[in-house]
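Subject: The structure you asked for

Hi,

Here is the structure I promised to send over. Have a look at it first, then read on for my notes.

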Amino acid sequence: MYLTYDKYVSMGGKLNTADFAKAEAEAESLLDVWTLNRLKSPSVLSDLEAQGLGDAVSNATMAIIDRLDGIREARKAIASGQVVTSFNNGVNSFSFANGGTTNNQAEVEAYVRVCELLPIDVVSACVCFNNAR
């Protein structure tokens, strides 16, 4: 668990405990993907503490939780083909996403925010670097 309920509430979180548990698990899952599971390594966590970034993981988790509704809505819209990818009004012409070709902008924004909150050695895509799995 990257963020406890008590810390979440102290950071201004409004979800009840049951909703928080679901949201935290989903946020943790996204963080694990985006950090190549580096946050599961005790040495990475101790390195963050040593750098004075002990709250960075909690802050990143909170940032994702705050954006989960938008991420979920965008995923549903993309999956159902509701996202317009182009429009031409030389009398109406629309193109819709097919579920695999459109970026989820809400998720992209959340990822960018996480990259701002965590140091590069945690979010780097260098697969062999810093205990990545």
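First, the overall layout. Keep in mind that this is a predicted model. The protein chain has 6 helices and 2 strands, and going from the N terminus the order is α-α-α-α-β-β-α-α. Of its 133 residues, 34% count as buried. The accessible surface comes to about 7,700 Å², and carbon and sulfur atoms make up 54% of that. As for contacts with a separation of 6 or more, 67% are between residues 24 or more positions apart.

Now the loop between α2 and α3, which is worth a stop. Helix α2 covers 17-34 and α3 covers 42-50, with Thr35 in the loop between them. Is Thr35 buried or exposed? Thr35 counts as buried because its relative accessibility is 0%, the cut-off for buried being under 20%. Setting aside neighbours within four places in sequence, its contacts are Leu118, Val122 and Val123.

On to the aromatic rings. How many aromatic pairs does a search of the whole structure find? The search turns up 4. In one of them, the ring centres of Tyr8 and Phe20 are 4.8 Å apart with the planes at 35°, so this pair is tilted. The pair links distant parts of the chain, with Tyr8 in helix α1 (residues 5-10) and Phe20 in helix α2, 12 residues apart. Both Tyr8 and Phe20 are buried. Another aromatic pair, Trp34 with Tyr111, is edge-to-face, at 5.3 Å centre to centre and 75° between the planes. Here, too, distant parts of the chain are linked: Trp34 belongs to helix α2 and Tyr111 to helix α5 (residues 105-117), 77 residues apart.

Val108 is found in helix α5 and counts as partly exposed, at 35% relative accessibility.

Next, the charged side chains. The count of salt bridges comes to 7. One of them joins Arg72 and Glu26, at 2.7 Å from N to O. This pair links distant parts of the chain, since Arg72 is in helix α4 (residues 56-79) and Glu26 in helix α2, 46 residues apart. Arg72 is partly exposed, with a relative accessible area of 30%. Glu26 and Arg72 are also linked with Asp69 in a network of salt bridges.

The α2-α3 loop comes back here as well. Lys40 and Glu28 meet in a salt bridge at 3.7 Å, N to O. Lys40 lies in the loop between α2 and α3 and Glu28 in helix α2, so the pair ties together parts 12 residues apart in sequence. Lys40 is partly exposed, with a relative accessible area of 40%, whereas Glu28 counts as buried at 15%.

Then there is Glu109, which forms a salt bridge with Arg67, the closest N and O atoms being 2.6 Å apart. Glu109 is in helix α5 and Arg67 in helix α4, so this pair ties together parts 42 residues apart in sequence. Glu109 is partly exposed at 39% relative accessibility, and Arg67 is partly exposed at 22%.

Finally, the cysteines. A disulfide is a covalent bond between the sulfur atoms of two cysteines. How many disulfides does the structure hold? The number is 0. Cys115 counts as partly exposed, at 27% relative accessibility, and Cys126 is partly exposed too, at 47%.

Cheers

How values were computed. Residues numbered from 1 in each chain as written. Predicted model: local features only at pLDDT ≥ 70, side-chain atom pairs only at ≥ 80, totals over all residues. Heavy atoms only, no water. Helix = DSSP H or I, 4+ residues; strand = E, 2+ residues; numbered from the N terminus. Buried < 20%, exposed > 50% of the residue type's maximum accessible area, 1.4 Å probe, protein only. Contact = heavy atoms within 4.5 Å. Areas by Shrake-Rupley, 256 points an atom, 1.4 Å probe, with all protein chains shown as cover. Disulfide = S-S within 2.5 Å. Phe/Tyr/Trp six-rings, centres within 6.5 Å; stacked < 30°, edge-to-face > 60°. Salt bridge = Lys/Arg side-chain N within 4 Å of Asp/Glu carboxyl O.
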